[in-house]
Amino acid sequence: MRVGLFDDPVFGEHDAGSEHPERPARLEAVRRGLRDGVLEMDLARLAPRPASREDLLRVHTAAHVDRLAAGAGRRVRFDPDTAAGPRSHAAALAAAGAVVDAVGRVLDGSLDRVFCAVRPPGHHATPDRAMGFCLLNNVAIGVATALASGLRRVAVIDFDVHHGNGTQEAFWRDPRVLFVSSHQFPYYPGTGALDEVGEGEGRGFTVNLPMPAGLGDGEYSRAYREIVEPIGRAFDPELVLVSAGFDAHRDDPLGGMALGAAGFAELMDVCLAVASGAARGRLVAVLEGGYDLDAIAEASAAVVGRMLGRPFTAPDATPRPGTDHLLEAYRTAHAKHWPIVK
Ligand SMILES: [Zn+2]
């Protein structure tokens, strides 16, 4: 198994503002997790090149790309919680470029899987604006790269505790992209309701799994095994991208979920199962949120360990009462488009 890791000092140069939870120490936490998990020597270390304007314009409007570029070298605030410092534009281009490069490497067969430990995160960035700590939608740009190179089916699985509204918006009408998101709901950014399923040709290819706060390994495991895995296998993507946010961890200060390391390994295991068909194992995972440093270290090790094929212990999948009801709601909403009837 050849697994690559994008990790570069430039990602630490994005400055979202002092006291901001999305801080460079998060990347140190990823490194610590990979080191403590004795994983780093098995990873091919990769250095990013900046994404090109052409790469960005596959997802973003020229106005958005120009607005970000105009902020290079100074401090700019895009919304109450999204700001850029002098080096943020360079970091954002490198983050998107890392995902573009990762997609290229798994498609040309030089690597099987890649983990992109990048900042700033991306999944809230819409085609025309920065929001929610995100400047460019790294994962969406990676998907668009794969589509431009001729792939017909690409899946995105987003397990960040927040809904990936930017990614959803980018592919809302596109049947070539299956977007699956599990997220706390209602919560920031407010989108991601069960009935948001895409429109036009893309109807059914957006799959939202809104979750009440408090769910842990057992509940997530059942939702991913019983809903995400069969939908993903039925779509049978040629490539899987994962929006790997670690803020559904039980210790995260922003999220209200209760995942532990075993749960994160289980989520990646389902992502790999979805990638086991036409994708032939090709998977690119990209860091999104996650704000408790020890949680990030633990979850990174769990996710990357699974990507490397390290053994893991499936979590105790005894879900709390009420989980059946939740899964039934998912089935009712999505069975029209996918084979998930019990
Ligand atoms: Zn998040």
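This dialogue reads a few features of a predicted model, from overall shape down to single residues.

Reader: Start with the whole chain. How many helices and strands are there?

Author: The secondary structure comes to 10 helices and 10 strands. The radius of gyration is 18 Å, close to the 20 Å that the globule rule gives for 342 residues, so the protein is as compact as a globular protein of that length. Along the principal axes, the C-alpha atoms fill a box of roughly 55 × 45 × 40 Å.

Reader: What share of the residues counts as buried?

Author: The cut-off for buried is under 20% relative accessible area. Of the 342 residues, 61% count as buried. The accessible surface comes to about 12,100 Å², and 53% of this surface belongs to carbon and sulfur atoms.

Reader: And what share of the contacts comes from residues 24 or more positions apart?

Author: Take the contacts with a separation of 6 or more. Residues 24 or more positions apart account for 80% of them.

Reader: How many charged side chains are there, and how far apart are the centres of the two sets?

Author: There are 36 positive and 45 negative side chains. The centres of the two sets lie 4 Å apart.

Reader: Now a single residue. Is Leu93 buried or exposed?

Author: Leu93 has 16% relative accessibility, so it counts as buried. Leu93 lies in helix α4, residues 88-107. Leaving out residues up to four places away in sequence, Leu93 touches Arg49, Pro50, Ala51, Leu56 and Leu136.

Reader: How far is Leu93 from Phe246?

Author: Their C-alpha atoms are separated by 22 Å. Along the chain, Leu93 and Phe246 are 153 residues apart.

Reader: Turn to aromatic pairs. How should I read the geometry?

Author: Look at the ring centres first, then at the planes. Centres within 6.5 Å make a pair; planes under 30 degrees apart count as stacked, and over 60 as edge-to-face. By this rule the count comes to 7 aromatic pairs. Take Phe205 and Phe235: their ring centres are 6.0 Å apart and their planes are at 65°, so this pair is edge-to-face.

Reader: Where do Phe205 and Phe235 sit?

Author: The pair links distant parts of the chain, 30 residues apart. Phe205 is in the loop between β7 (177-184) and β8 (206-211), and Phe235 is in helix α7, residues 217-235. Phe235 has 6% relative accessibility, so it counts as buried.

Reader: How are the rings of Tyr220 and Tyr224 arranged?

Author: Tyr220 and Tyr224 form a stacked pair, 6.3 Å centre to centre, with 25° between the planes. These two tyrosines are 4 residues apart in helix α7, so about one helical turn separates them. Tyr220 is buried, with a relative accessible area of 0%. Tyr224 also counts as buried, at 0% relative accessibility.

Reader: Which residues form an aromatic cluster?

Author: Phe159, Phe246 and Phe264 form one aromatic cluster.

Reader: Next, the backbone. Where are cis peptide bonds found?

Author: Check omega. A cis bond joins Phe185 and Pro186, with omega about 0°. Another cis bond joins Tyr188 and Pro189, with omega about 5°. Pro186 lies in the loop between β7 and β8, and Pro189 is found in the loop between β7 and β8 too.

Reader: What is phi of Glu19, and what is phi of Asp236?

Author: Phi of Glu19 is near 70°, a positive value in a residue other than glycine. Glu19 is found in the loop between β1 (3-6) and α1 (25-36). Glu19 is exposed, with a relative accessible area of 80%. Asp236, not a glycine, has a positive phi of about 50°. Asp236 is found in the loop between α7 and β9 (239-244), and is partly exposed at 25% relative accessible area.

How values were computed: Residues are numbered from 1 along each chain as its sequence is written. Side-chain values use heavy atoms; hydrogens and water are left out. Buried means under 20% relative accessible area, exposed over 50%, partly exposed in between (1.4 Å probe, protein chains only). Contact means heavy atoms within 4.5 Å. The radius of gyration is taken over C-alpha atoms; the globule rule is 2.2 Å times the number of residues to the power 0.38. Accessible areas come from the Shrake-Rupley method with a 1.4 Å probe; for residues, only the protein chains shown count as cover. Lys and Arg count as positive and Asp and Glu as negative; His and the chain ends are not counted. The place of a charge is taken as NZ of Lys, CZ of Arg, CG of Asp or CD of Glu.
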